[in-house]
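User: I am new to this structure. Please show me how to read its features.

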Amino acid sequence: ASDADQPMMALTAYSALILLQSATVLLEARAIFRPNVLVVGASVCAYYAMSAAVACKQASALYGVFFVLLAQPRYWLALLLMLALTLLPVVALKAAWLHAAPHRLTRTERERLRLGAPPSAA
């Protein structure tokens, strides 16, 4: 990649990390309530608003890059693929553990699965 593409790649990766963290917060909550969704949505909106503010400054290395990225379908496709590749295995593994033998899991093991720890080998 050329030096001109580095800000685009960096902003794409950073956006994916922000969205991944937001999705993880929603997935790890005990239940999805309106306040949770509002806070996560506000966080994502704040990220894009701050990125737009930084991209408007001519002294910034991201000058104009952010708006070009928002108009490109490959930016959105890259975000979607990064989120799918990072979240799908975790969600599938949790679902497989819970559906394999739900009657064998104790309440603590179910709680551990919810928190992302592997089940005990008992």
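User: Is Tyr 48 buried or exposed?

Analyst: This is a predicted model. Buried means under 20% relative accessible area. Tyr 48 has 16% relative accessibility, so Tyr 48 counts as buried. Tyr 47 is also buried, because its relative accessibility is 7%.

User: How many aromatic pairs does the structure hold?

Analyst: There are six aromatic pairs. Take Tyr 47 and Tyr 48: the ring centres lie 5.0 Å apart and the planes meet at 65 degrees, so this pair is edge-to-face. Planes over 60 degrees apart count as edge-to-face. Tyr 75 and Trp 76 are edge-to-face too, because their planes stand at 75 degrees, with centres 4.9 Å apart.

User: Which residues form the aromatic cluster?

Analyst: One cluster takes in Tyr 14, Tyr 47, Tyr 48, Phe 66, Phe 67, Tyr 75 and Trp 76. Tyr 75 is buried at 2% relative accessible area. Trp 76 is partly exposed at 41%.

User: What elements does the protein chain have?

Analyst: Five helices and zero strands. Buried residues are 23% of its 122 residues.

User: What should the 28 residues of helix H4 span?

Analyst: Helix H4 covers residues 73-100.

User: Where does H4 bend?

Analyst: At Leu 87, by about 30 degrees. Pro 89 follows within four residues. Leu 87 is also one of the buried residues in H4, along with Tyr 75, Leu 79 and Lys 94.

Conventions
Residues numbered from 1 in each chain as written. Predicted model: local features only at pLDDT ≥ 70, side-chain atom pairs only at ≥ 80, totals over all residues. Heavy atoms only, no water. Helix = DSSP H or I, 4+ residues; strand = E, 2+ residues; numbered from the N terminus. Expected span 1.5 Å × (residues − 1). Bend = angle between axes of the 7 residues up to and from the residue. Buried < 20%, exposed > 50% of the residue type's maximum accessible area, 1.4 Å probe, protein only. Phe/Tyr/Trp six-rings, centres within 6.5 Å; stacked < 30°, edge-to-face > 60°.
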